[in-house]
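Welcome, and please open your viewer. We will go from stop to stop, with something to select at each one.

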Amino acid sequence: MAKQKDYLADLLKEEEDAPPSPETEKEQQPSSSPEPHARDRRGAMTLLSRESALSRVASGEVRQVTQLMLDPANVGVWEGNARRYDQLTKENTRDLIDSIISEGGQKVPVIVRRPTGSRSVDYEVIAGTRRHFAISWLRKHSYPDMRLLAEVHELDDEASFRLADIENRARKDVSDLERAQNYAAALIAHYNGSVTGMAERLRISKGWLSKMLKVAALPDWVIAAFASPADINLKPAYPLAQAVADEIREPFIQGEARRLAEEQQALKESGQSPIPAPEVIRRLLTAGAEQDDDSAWKVIVPSKHGHPALSVLSQNRQGVTVRLHAGSGASEAELAQALRTALGKLKEAGRPLAR
């Protein structure tokens, strides 16, 4: 973003390049004899243009922007931003650090505001978390004189959220899950739980926002099944979030998620590649499914170990056909309870045994 003097220079250029008014055009018509004071008049016009630009700033038509060079130690990061500051490292900000070094300093300012509440910092970053980290890192590693270039704005929390969101939409290193969780928190904090109102303020699709909020509700045990939370993307994660919300499928998904988390940890400790996200999604979505029976999802009751214990294969006027699964680890008492649970679910679905 241009500095104030550059902005005024651009403004002056716009005025000078603008088509002349009829009065000015008349004054500039060539005459048969040169006018002795033409240069003075051009100088006066330039002065008037400058005064006009300055008056527009003074009137509030053009807002002046305050830029400061700050010690990042006195600048905090606003907690409402989607980006996780604790996940920034030298490695994942290497491109930015190298750019700042090669250019002799930071060129794009961060956006800051005066902190609210009782924070013990002079400013807090609304947009520019990576730049704050990069300058802080450089000051600790051979560049102690590096300072944080910042623009100061007066912003309330809702405006701060919208500004940070605009920046984060263009950032590939802010994961869908981070943004989804950020949206879920903002929905309560700034929009009184109104998905419609929030979508209108952010100028995004209500349907898309609803999907993001659904993904934000994924429990920790699902997230732990992935090698990294950053691997959770909206498109494949949305059907998973729907499946987790199904009370019949949820126990199976939880059991598979637990096994995946253990496998991921073992792979990490042995230095091997993790299970990729598409495979994690596939295993979670098919957990407990009966591949040889299209009706198996009607009612499936798991054992306490997360394996299918009993499933309803069919239900009609002649009765209910169930399958007791070998290897479920369920005792006879647990299988009897599973049958009662299945009959109860059929009744809730309007398909009782006795009609």
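Which residues have the most contacts inside the largest nonpolar core? Select Tyr183, Met198, Leu218, Phe226, Leu240 and Leu284: these are the ones, in a core of 43 residues. A nonpolar core here is a set of buried Ala, Val, Leu, Ile, Met, Phe, Trp, Tyr and Cys residues joined through side-chain atoms within 4.5 Å. Buried means under 20% relative accessible area, exposed over 50%, and partly exposed in between, with a 1.4 Å probe and protein chains only.

Before moving on, note that this is a predicted model, in which local features need pLDDT of at least 70 and side-chain atom pairs count only at pLDDT 80 or more, while totals for chains, interfaces and linings use all residues. Residues are numbered from 1 along each chain as its sequence is written, and side-chain values use heavy atoms, with hydrogens and water left out.

**Around Phe226**

Now centre on Phe226. Leaving aside neighbours within four places in sequence, Phe226 is in contact (heavy atoms within 4.5 Å) with Asp231, Ile232, Leu240, Gln264, Ala277, Val280, Ile281 and Leu284. There is also a second, separate core of 18 residues, including Val75, Ile100, Met146 and Leu148.

**Helix 13**

Next, select residues 277-285, which form helix 13. Helices (H or I, at least four residues) and strands (E, at least two) are DSSP runs, numbered from the N terminus. Which residues of helix 13 are buried? They are Ala277, Val280, Ile281, Arg283 and Leu284. Look down the axis of helix 13: its buried residues fall within an arc of 170°, so they line one face of the helix. That arc is taken from the directions from the helix axis to the C-beta atoms. The buried residues of helix 13 pack against helix 10 (220-223), helix 11 (234-244) and helix 12 (250-269).

Turn to the open sheet of five strands, with order 1-5-3-4-2 and mixed pairing. Two strands pair if DSSP finds at least two bridges between them. Strand 1 (66-70) and strand 2 (75-77) stand at the edges with a single partner strand each, so one side of each has no neighbour in the sheet.

Select strand 5 (148-152); four of its five residues are buried. Five bridges join strand 5 to strand 1, and these two run antiparallel; find Thr66 and its bridge partner Val152. Strand 3 and strand 5 run parallel, joined by three bridges, and Val110 stands opposite Ala150.

Strand 3 (110-113) also pairs with strand 4 (123-127), in the antiparallel sense over three bridges. Here Val112 stands opposite Val125.

Now show helix 5 (129-140), which lies across strand 2, strand 3, strand 4 and strand 5 and runs at about 130° to strand 4. Axes are lines fitted to C-alpha atoms, for helices over the stretch in contact, and angles run from 0 to 180 degrees between N-to-C directions. Helix 6 (157-169) packs on the sheet too, touching strand 3 and strand 4, and its direction makes about 50° with that of strand 4.

Zoom in on strand 6 and strand 7 (308-316), which pair over three bridges: Val301 stands opposite Leu310.
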